[in-house]
Amino acid sequence: MTAPDLALARSLAHALVEQRCVACVNLVPGVQSIYRWQGQIEESSEVLLVAKTTAGRIADLMRQLRELHPYEVPECVVLEPRDVEAKYKAWLIAETE
């Protein structure tokens, strides 16, 4: 996911963790995005949010993102991990139940 600034990224991360949609969010400020929007090529600074959750919580994550995010089209790309370390996976599941 991306957010327009660090304050909003932090707010989204806190809300998603508090609601157990995700177990953890990493904030990566300073991302430069170049994209096409409404027929124009745009460029903006954004904060990348890398959120960790389970497959069972993805729908909740998407719903909350649509409710909380200011973008008309918020980005949310789900990447399926090939392997997850066992203790980390157990923690992740416990924190999103």
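Me: Why is D83 called exposed?

Reply: The relative accessible area of D83 is 66%, and because exposed means over 50%, buried under 20% and partly exposed in between (1.4 Å probe, protein chains only), D83 counts as exposed. The model is a predicted one, in which local features need pLDDT of at least 70 and side-chain atom pairs count only at pLDDT 80 or more, whereas totals for chains, interfaces and linings use all residues. Residues are numbered from 1 along each chain as its sequence is written, and side-chain values use heavy atoms, with hydrogens and water left out.

Me: What makes the pairing of D83 with R82 a salt bridge?

Reply: The closest N and O atoms of D83 and R82 are 3.9 Å apart, and a salt bridge is defined as a side-chain nitrogen of Lys or Arg within 4 Å of a carboxyl oxygen of Asp or Glu, so the pair qualifies. R82, at 79% relative accessibility, likewise counts as exposed. Elsewhere, salt bridges with shared partners join R57, D60, R63 and E67 into one network.

Me: How do you know that D60 and R63 form a salt bridge, and where do the two residues lie?

Reply: Their closest N and O atoms are 3.2 Å apart, which meets the criterion for a salt bridge. Both residues belong to helix α2 (residues 58-68), and because they are 3 residues apart there, about one helical turn separates them. D60, at 22% relative accessible area, is partly exposed, and R63, at 36%, is partly exposed.

Me: What makes E67 a partner of R63?

Reply: The side chains of E67 and R63 meet in a salt bridge at 4.0 Å, N to O. Being 4 residues apart in helix α2, the two are separated by about one helical turn, and E67, with a relative accessibility of 54%, counts as exposed. In general, side chains of opposite charge can pair when their charged atoms come close.

Me: How many salt bridges does the structure hold?

Reply: The structure holds 5 salt bridges, the pairs discussed above being among them.

Me: What share of the protein chain counts as buried?

Reply: Of the 97 residues of the protein chain, 26% count as buried.
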